[in-house]
Amino acid sequence: RLLADPSLLVLSFHVKYWDDLGWKDSFGSQASTDRQYAYVHSLGVPSAFTPQIVVNGSRSLVGSQEDTVQRALSDARHAAFPTQAEITVQPNGGFVLNLTGAAAGAKVWEVRYVRHSVTLIRAGENRGRALETYNNVTHISSLGNFTPGTLNLPALVAPDDGIAVIIQARGTGQIFGAGAWTH
């Protein structure tokens with residue numbers, strides 16, 4: 001339901017700290033794990049946990065509390081952002097990113113992701129289950145400080161089939177704007 005709403009950009013950052021339980025998440029990355037720990041610090045959350053949902057970089061929620069998550073996402077859907085990130089695909093498969101607005105001191109992040117995946121879990125407490133996930137982050141990299149203007153970004157490389165840009169306060173803080181493109 002959430003993924004069909006174009007006004008929401010929902011990304012799955014898979015962590016690695018469960019890897020010692022006998023099964024390694026193929027989407028788990030140290031960058032995602034580090035990002036979650038930065039949120040723990042910046043939001044004053046007592047510890048890292050899963051499933052954690054961070055809404056607009058400023059609110060931490062327990063992902064299994066569906067009513068609370070739905071209310072927070074409904075509120076976020078109507079948030080006004082001071083910046084915009086418009087991504088358009090070029091004939092050669094590359095992208096043009098157009099950044100507008102104002103966000104002093106903000107960082108721009110490029111995120112590559114796989115829109116849908118089904119993974120069979122082969123070990124651990126969920127052995128034998130199929131894990132269906134969406135918008136699985138495979139790469140996140142800094143594009144530097146926010147400056148209005150145009151940037152060229154390279155084409156997607158399989159298995160990635162989505163690209164997003166997040167404009168965010170330094171220190172894994174508030175989201176000032178975002179944009180995405182998918183096949």
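A residue is called buried when its relative accessible area is under 20%, exposed when that value is over 50%, and partly exposed in between, using a 1.4 Å probe and protein chains only. With that in hand, welcome to this predicted model, in which local features need pLDDT of at least 70, side-chain atom pairs count only at pLDDT 80 or more, and totals for chains, interfaces and linings use all residues. Residues are numbered from 1 along each chain as its sequence is written, and side-chain values use heavy atoms, with hydrogens and water left out.

**The chain as a whole**

- The chain holds two helices and nine strands; helices (H or I, at least four residues) and strands (E, at least two) are DSSP runs, numbered from the N terminus.
- Along the sequence, these elements come in the pattern α-β-β-α-β-β-β-β-β-β-β.
- A compact globule of 183 residues would have a radius of gyration near 16 Å, and the 17 Å of this chain agrees with that. The radius is taken over C-alpha atoms, and the globule rule is 2.2 Å times the number of residues to the power 0.38.
- The C-alpha trace spans about 50 × 40 × 30 Å along its principal axes.
- Of the 183 residues, 38% are buried.
- Contact means heavy atoms within 4.5 Å. Among contacts between residues at least 6 apart in sequence, 57% join residues at least 24 apart.

- Helix H2 covers residues 66–77, and its twelve residues should span 16 Å at 1.5 Å a residue; the end C-alpha atoms are 16 Å apart, which agrees. The expected span is 1.5 Å times one less than the number of residues.
- Val69, Ala72, Leu73 and Ala76 are the buried residues of H2.
- Viewed down the axis of H2, these buried residues fall within an arc of 100 degrees, so they line one face of the helix. The arc is that of the directions from the helix axis to the C-beta atoms.
- An α-helix has 3.6 residues a turn, so residues three or four places apart point the same way.
- Turned away from the buried side of H2 is a face that carries the exposed residues Asp67, Arg71 and Asp75.
- Strand S1 (52–55) and strand S2 (59–62) are included in what covers the buried residues of H2.

- Ser32 sits in helix H1, which runs over residues 30–43.
- Its relative accessibility is 2%, so Ser32 counts as buried.
- Setting aside neighbours within four places in sequence, Ser32 is in contact with Phe13, His14 and Val15.

**The three-stranded sheet**

- Three strands make an open sheet in the order S3-S4-S7, with antiparallel pairing. Two strands pair if DSSP finds at least two bridges between them.
- Strand S3 (83–89) and strand S7 (149–153) are the edge strands, each pairing on one side only.
- S3 and S4 run antiparallel and are joined by seven bridges; the bridge partner of Thr88 in S4 is Val96.
- The hairpin of S3 and S4 has five residues between the strands, and Gly93 there takes a positive phi near 90 degrees.
- Five bridges join strand S4 (residues 95–101) to S7, again antiparallel.
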